[in-house]
Amino acid sequence: MIFQLVIVFPEGKCVIATGGLTISSISTSKVTQVVLKIIKHYQEEGQGSEVVQGVLLGLVVDDRLEITNCFPFPQHTEDDADFDEVQYQMEMMRSLRHVNIDHLHVGWYQSTYYGSFVSRALLDSQFSYQHAIEESVVLIYDPIKTAQGSLSLKAYRLTPKLMEICKEKDFTPEGLKKANIGFEQMFEEVPIVIKNSHLINVLMWELEDKSTVADKHELLNLSSSNHLEKSLQLLMDRVDDMSQDIVKYNTYSRNLSKQQQQKHQYLQRRQQENAQRQSRGEPPLPEEDISKLFKPPQPPPRMDTLLIAGQINNYCQNVKEFTSQNLGKLFMAEALQGHN
Amino acid sequence: MSRFFATGSDSESEESSSADEITPKAPGATFKQSLLLSDDEEDTKRVVRSAKDKRFEELTNLIKTIRNAMKIRDMSKCLEEFEQLCRAFLKSKNIVDKEGVPPFYIRLLADLEDYLNQLWEDKEGKKKMNKNNAKALSTLRQKIRKYNRDFESEIAAYKENPQESADEEEEEKEPEDSGSSSDSEGEVSSKSFLKKKPEAPSEATKFLKSAKGSGDESSSSDEDDDDDDDEDWGSDQSGSSGETSDKEEGKTSSMSMLFLKKSQDTEKPGVRKEERKKKLKQKERIEEEAEEEGGEEAGGGWEKVKGGVPLVKEKPKMFAKGTEINTAVVVKKLNEILQARGKKGTDRAAQIELFHALAAIAAENNLGQGILVKIKFNIIASLYDYNPNLAAFMKPDMWKKCLDCIDELLDILFEHNNIFIGENIAEDSENLAVSDQPFRVRGCILTLVERMDEEFTKIMQNTDPHSQEYVDNLKDEGRVCGIVDRLLTYMENKGSTEEICRVYLRRIMHTYYKFDYKAHRRSLGLQGETKSEQDQEESEGEDSAVIMDRLCKFIYAKDRTDRIRTCAILCHIYHHALHSRWYQARDLMLMSHLQDNIQHADPPVQILYNRTMVQLGICAFRQGMIKDAHNALLDIQSSGRAKELLGQGLLMRNMQERNAEQEKIEKRRQVPFHMHINLELLECVYLVSAMLLEIPYMAAHEFDARRRMISKQFHHQLRVGERQPLLGPPESMREHVVAASKAMKMGDWRTCHSFIINEKMNSKVWDLFPEAQRVREMLVRKIQEESLRTYLFTYSSVYDSISMATLSEMFELEMPTVHSIISKMIINEELMASLDQPTQTVVMHRTEPTSLQNMALQLAEKLGNLVENNERVFDLKQGVYGGYFNRDQKGGYQQKQSYQRDQKSYQQKQSGYQRGGYRNQNQGNY
């Protein structure tokens with residue numbers, strides 16, 4: 001497992017760059033340590049669709065965010081419901097400082113299940129991180145893809161637009177419309193560069209030479225239906241959610257327009273009456289508060305819809321990526337067979 | 001004496017006079033006392049009197065207060081009291097009706113009116129009066145004028161002779177004190193009669209005046225003298241002791257009158273009795289009569305009330321005394337006993353004894369069968385009455401007695417052809433005496449037998465079904481049936497169609513649930529070993545089947561009440577089903593259309609319907625009609641309340657929902673244990689049917705998103721089985737079925753077979769069938785067939801082709817069967833394959849979409865929905881008339897429709913295209 005990982009990134013260079021802050025590469029050996037730690041964390045604690053999380057530590061150098069260390073959040077159980085997470089984090093960071101390791105909080109990481117990570121929870125916590133520590137990122141680790149032979153590690157940040165919306169907490173249709181935000185503009189991906197120390201690179205080269213060909217066959221696996229099925233299933237669920245949301249929104253807008261019509265009629269009637277009164281020389285009717293008469297229907301929050309859209313997009317990307325890879329493999333296999 | 005004082009404006013002189021009177025009275029009282037029989041008698045009399053006393057006392061009290069108020073000229077008080085008096089008088093109206101208006105009342109009215117008139121004239125006095133009083137005076141005056149109009153004659157009479165009336169009032173009280181009171185009325189009436197003559201002239205002059213004064217009230221211009229006189233008279237009243245001598249004279253004479261009258265009464269009681277009965281309204285007479293009747297032993301209305309016990313003891317003796325015993329006397333006695341029926345404190349057991357004794361007497365004296373039958377009827381009725389509430393059941397000895405009685409009654413009826421019985425025969429048109437004419441007796445033997453049948457059911461319901469007692473009780477079933485049979489023959493001769501229908505239904509009810517082993521064995525014995533369906537057909541036309549047929553057909557033809565027919569049909573179906581005559585049973589069920597309207601029937605009929613449906617389902621199962629069996633049982637089983645629906649017990653979880661009353665009602669509806677349908681058998685049959693249907697279906701529609709469950713309950717059982725953390729060998733019937741289902745899913749029919757048919761299941765379920773072996777054979781075959789189907793559904797994607805010989809070997813089915821099953825599957829487009837005749841193989845087309853493809857199809861469908869919804873949003877935003885969106889929308893719908901069409905065509909003609917074609921199709925869509 002670990003070997004494969006190393007093989008995939010033979011250069012061993014890892015740089016994380018953020019858009020706003022323009023961050024790129026990172027100091028050496030410690031980066032691999034971060035990746036391995038994350039993978040290990042999932043391997044030990046995460047199963048199936050369960051998600052593991054942890055804290056990233058590092059520092060900003062020039063336009064790069066260098067992540068040099070991390071530690072996991074302990075898994076929650078029902079027994080220790082009163083467990084203080086913040087306390088634990090502070091304790092942890094203090095301890096790390098004592099042994100002279102980078103202890104600056106620069107974000108967090110999370111594992112994902114078939115790429116389903118775009119959720120309200122992630123949005124909220126990333127927002128609070130980014131609000132408090134501007135340079136923070138969230139690293140998404142996909143263990144399933146990694147298990148298939150290609151390390152999947154992605155860094156995301158919220159776009160400044162989304163940050164503003166979250167700050168105002170205005171998730172109404174109008175608010176989102178004004179902000180002119182779509183699902184594409186919610187997250188920005190930050191390029192990652194993984195860096196190793198030269199000594200380790202040398203070791204890896206050596207290891208690769210020693211490893212047999214059979215170890216590399218994982219990459220060429222042709223069986224794809226299982227992964228696709230899972231993805232499709234998840235995609236379908238999201239699509240269902242999406243249609244529900246749309247129906248909700250539909251009823252809302254229908255109600256709204258109906259009410260507006262009523263309001264309009266009411267106003268017209270009032271105007272006519274006033275005109276009549278004026279012609280008769282009577283004082284016009286007093287102005288009434290129309291908003292009290294016609295309470296606008298509660299608009300459905302649109303943020304969830306956006307998130308779902310983002311998630312669907314994510315799935316689609318996944319499927320596309322996967323299928324294109326697989327198609328390549330299939331053609332390869334075909335060519336091989338033809339050659340034989 | 002205290003009461004005497006209380007009554008009013010009496011002087012001391014009168015008191016002394018009354019004291020004198022007590023002495024002469026004493027002998028009269030003792031004389032009367034001798035007529036009385038017991039203390040009870042006197043008690044009852046007092047009750048009667050006190051009602052009158054009370055009323056009159058009330059009146060006199062009121063009168064007294066009025067007089068007092070008059071004296072102090074308090075008009076408002078006077079008015080108030082007068083109103084009360086009027087009310088009190090109204091209340092005592094019925095007493096007054098009997099007694100006539102009491103003289104003291106009249107006196108007051110007259111006095112009051114005079115008094116008011118007098119006040120009215122007194123202008124000065126009126127001025128002095130305060131406002132309230134003046135007002136009250138005028139109101140009261142008007143009121144009394146109006147009121148007195150009703151009593152004009154009495155008042156006029158009084159005014160002629162006021163003194164005497166006043167005396168009467170006083171005298172009235174005296175006799176009451178003396179204790180024996182019945183004479184007082186007579187005294188009063190006779191005395192008033194006596195007195196009127198001598199007194200009237202003596203004081204005529206004085207009263208003429210006053211009469212004149214009050215006589216023309218309207219002309220209010222009277223002299224002051226008048227007023228004075230009146231006032232004089234009012235004060236005179238108390239002091240007029242001079243009249244006492246007169247009074248005493250009158251009294252003694254009245255006394256003698258009274259004695260005279262009494263002696264007359266006693267001299268000729270027989271004559272008087274007859275007369276008096278007719279004039280019951282007169283109170284005094286009632287009393288006297290009561291006394292007389294107390295003397296005699298013959299029971300009158302008064303004595304009966306006192307309860308049956310003393311009465312009952314005396315009665316048999318009565319006859320023994322040597323009265324001539326004839327029909328009339330016995331009937332009278334019978335009625336007397338009957339009257340005590342249902343009353344509190346009547347000893348029901350003693351009553352039954354009494355009836356028996358009466359029957360014995362009647363028999364002894366050869367009074368004829370008519371009376372005997374009538375008494376028997378009553379005995380049985382009182383036996384049923386023995387238990388006060390409906391819920392309780394008869395005690396064994398009572399039950400035996402009842403059966404015996406009914407038997408005897410039937411004996412009599414059979415022996416004597418000339419007895420007519422019927423409900424419609426009126427009490428007075430009965431003919432019980434021995435004569436040339438046939439006996440006519442009121443009573444309905446059919447009702448009695450029906451009641452007996454119900455009692456039997458009740459006994460069975462209330463006996464513990466697992467005790468020896470139950471078996472003992474059940475032995476009586478034979479007798480009950482015998483009685484019903486006898487009644488049936490009797491009714492066939494004499495009864496009306498309706499009655500015949502009713503008795504037929506009883507007979508049917510006792511027949512339908514019994515399996516006719518005799519006929520069954522005979523059919524087996526005659527036909528040897530072969531057990532084809534033909535045998536079943538032929539076994540019909542035997543024994544109980546014939547009876548059922550005959551009785552039911554009669555009811556179908558003749559019955560007018562819907563209920564009896566419905567019951568008969570249901571029982572008939574049940575009987576057919578029980579004897580495996582599936583087609584007859586089914587046809588009858590379908591023809592009756594009971595399924596449509598059974599929910600309008602009453603609960604017992606519904607229970608019968610449920611039982612019938614269950615029996616029908618089990619019958620279908622035995623015949624191998626799995627689908628029919630499943631359909632018939634589905635309703636009962638899916639509710640999870642089979643026990644309740646079949647009337648075989650109450651569910652515990654409903655306990656909170658129903659109160660005690662409902663529970664009692666429901667308990668009464670329960671079917672006796674010997675008629676129960678085995679619930680485990682029912683469930684097993686249902687589950688196995690569901691398994692045979694559901695497992696192949698599940699295999700066939702594995703990827704279908706809109707797959708429906710055939711049987712929810714079966715799925716529930718499967719889930720329960722899956723949830724088990726550790727799967728041991730099956731124990732219960734359900735576990736067996738679940739385990740078998742799992743084996744079947746894999747197409748492993750041998751394991752399935754071993755789970756369904758083994759020692760345990762045999763003893764639990766299959767041996768309960770009369771033809772267990774045949775059912776098992778059927779079952780094995782069904783398991784083999786369905787396993788084959790399941791296997792093909794599940795694994796067809798693995799095979800390119802498969803030889804039928806292999807399949808036939810695998811499932812131990814003959815080649816033709818395998819061939820037919822596979823052909824059927826291909827025709828129904830369940831299996832995408834074709835048969836290769838020369839090699840006897842099944843060639844798979846391999847066109848089943850993979851799960852991924854299925855998934856993609858579902859996704860496409862969902863996306864279609866999404867698009868449609870999205871377009872609606874657009875629609876709304878832009879208005880429906882927006883050209884662009886209209887067009888777009890249309891396109892969208894078209895797309896959708898075409899997609900749906902393709903989807904359908906895809907599902908229908910799956911065999912049509914190959915993998916590549918399939919992909920093209922999809923690309924075309926999107």
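Predicted model: local features only at pLDDT ≥ 70, side-chain atom pairs only at ≥ 80, totals over all residues.
1. Chain A. This chain has 340 residues, and buried residues make up 41% of them. Its secondary structure consists of 11 helices and 6 strands. Of the contacts in chain A with a separation of 6 or more, 75% are between residues 24 or more positions apart. The accessible surface of the chain is about 19500 Å², and carbon and sulfur atoms account for 54% of that area.

2. Chain B. Here there are 926 residues, of which 46% count as buried. Chain B contains 46 helices and 5 strands. Among its contacts between residues at least 6 apart in sequence, 68% join residues at least 24 apart. Its accessible surface comes to about 47800 Å², with 52% belonging to carbon and sulfur atoms.

3. The largest nonpolar core. This core has 154 residues, and the members that touch the most others are Ile445(B), Phe621(B), Met691(B), Ile756(B) and Trp766(B). The element that gives the most to this core is helix α36 of chain B (residues 679–700), with 13 residues. A second, separate core has 36 residues, including Leu108(B), Met129(B), Leu140(B) and Tyr158(B). As background, nonpolar side chains in soluble globular proteins tend to be buried together.

4. Setting aside neighbours within four places in sequence, the contacts of Ile445(B) are Phe377(B), Leu409(B), Leu410(B), Leu413(B), Ile421(B), Leu487(B), Tyr490(B) and Met491(B).

5. Helix α37 of chain B. The helix runs over residues 712–723 and has 12 residues. From its first C-alpha to its last it reaches 16 Å, close to the 16 Å expected at 1.5 Å a residue. Its buried residues are Gln713(B), Phe714(B), His715(B), Gln717(B), Leu718(B) and Gly721(B). The cover over these buried residues includes α33 (626–638), α36 and α38 (733–745), also of chain B.

6. The interface. Chain B puts 15 residues into the contact and chain A puts in 17 residues. The area buried between the two chains is about 1600 Å², and carbon and sulfur atoms give 75% of it. On the chain B side, Leu852(B), Met855(B) and Leu876(B) lose the most area to chain A, together 35% of what that side buries. The rule finds 1 salt bridge across this interface. Lys862(B) pairs with Asp240(A) in a salt bridge whose closest N and O atoms are 3.2 Å apart.

7. Thr159(A), a loop residue. Its loop lies between β5 (153–158) and α6 (160–168) of chain A. Is Thr159(A) buried or exposed? Thr159(A) is buried, because its relative accessible area is 10% and the cut-off for buried is under 20%. Beyond neighbours within four places in sequence, Thr159(A) is in contact with Gln185(A), Met186(A), Phe187(A) and Glu188(A).

8. Ala392(B) sits in the loop between α21 (369–385) and α22 (396–415) of chain B. Ala392(B) counts as partly exposed because its relative accessibility is 25%, and that class lies between the limits of 20% and 50%. Not counting residues up to four places away in sequence, Ala392(B) touches Asn387(B) and Lys458(B). Although Ala392(B) and Lys458(B) are 66 residues apart along the chain, their C-alpha atoms are separated by 8.0 Å.

Note on methods: Residues numbered from 1 in each chain as written. Chains lettered and ligands numbered in written order. Heavy atoms only, no water. Core = buried A, V, L, I, M, F, W, Y, C linked by side-chain atoms within 4.5 Å. Buried < 20%, exposed > 50% of the residue type's maximum accessible area, 1.4 Å probe, protein only. Helix = DSSP H or I, 4+ residues; strand = E, 2+ residues; numbered from the N terminus. Contact = heavy atoms within 4.5 Å. Expected span 1.5 Å × (residues − 1). Areas by Shrake-Rupley, 256 points an atom, 1.4 Å probe, with all protein chains shown as cover. Buried area = accessible area lost by both parts, 1.4 Å probe. Salt bridge = Lys/Arg side-chain N within 4 Å of Asp/Glu carboxyl O.
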